Amino acid sequence: MEQPLLTYFIEQPAALLHKHIPEFRVRVVNVTDLVVLRAHAVTKNNQLVTLPRSPTVVEILQQFQAYVFASPAPHLRDPKTVLPTIISGLQVYFDRALGSILLYRFERPQYAEIRKRYVTGPTVRIGHEREMSAVYGAEHLLRMIVNLPQMVAGSTMDPESVSLVRDYVTELMNYMLKERNRIFQAEYDSASLQYQSISRS
């Protein structure tokens, strides 16, 4: 079961995000407030997350895994076997999805600059490129998680795998809410007038 789960996360196309699947729902209170407040900071207030973030997506997922291993919830099936696969899949999917479906238009110039700084720029040494999951943080991981129900739509995942992913993703969301004061940026940075002009061009 481990390999199909990881393969699913890696291979799902962005088009699946526009479908609907009622069987996979992450039910956590206060998530909408978190998403809306952070969306307004970017789309209404012309603000940006400070990058690189601390903790990063990679660090949050590693910390979540350690948290589950230390005190596994009774409803989570076989954490030692299942969770590393789900963590790997979430990280890979984040790296693939960020540039195509997780950014607001206003954030795209910042993303282009980050890619130049850590991936494509002339000062980046071959073999030392940094994945975006090692640059971005909880704010963008949250966006991916709330889109996961649509991501699962049309997939070939069997019901057991869907149930496993749903349980662990719900636990991850609960963990992020519990740690929200530590992992989310309290105040976003105000973008310069020059940046605002570039973002609208």
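At 11% relative accessibility, Arg 53 counts as buried, where buried means under 20% relative accessible area, exposed over 50% and partly exposed in between, with a 1.4 Å probe and protein chains only. This is a predicted model, in which local features need pLDDT of at least 70 and side-chain atom pairs count only at pLDDT 80 or more, while totals for chains, interfaces and linings use all residues. Residues are numbered from 1 along each chain as its sequence is written, and side-chain values use heavy atoms, with hydrogens and water left out.

**The buried pair**
- Glu 139 forms a salt bridge with Arg 53, their closest N and O atoms being 3.1 Å apart; the term stands for a side-chain nitrogen of Lys or Arg within 4 Å of a carboxyl oxygen of Asp or Glu.
- Because Glu 139 lies in helix H6 (residues 138-152) and Arg 53 in the loop between strand S1 (47-48) and helix H3 (57-70), the pair ties together parts that are 86 residues apart in sequence; helices (H or I, at least four residues) and strands (E, at least two) are DSSP runs numbered from the N terminus.
- Glu 139 is buried, with a relative accessible area of 2%.

**Pairs with partly exposed residues**
- Arg 77 and Glu 160 meet through their side chains in a salt bridge of 2.8 Å, N to O, and this pair links Arg 77, in the loop between H3 and helix H4 (79-102), to Glu 160 in helix H7 (residues 159-178), 83 residues apart.
- Arg 77 is partly exposed at 40% relative accessible area, and Glu 160 is partly exposed at 36%.
- Glu 179 forms a salt bridge with Arg 182 at 2.9 Å between the closest N and O atoms, and Arg 182 is partly exposed at 39%.

**Total**
- The structure holds 5 salt bridges.
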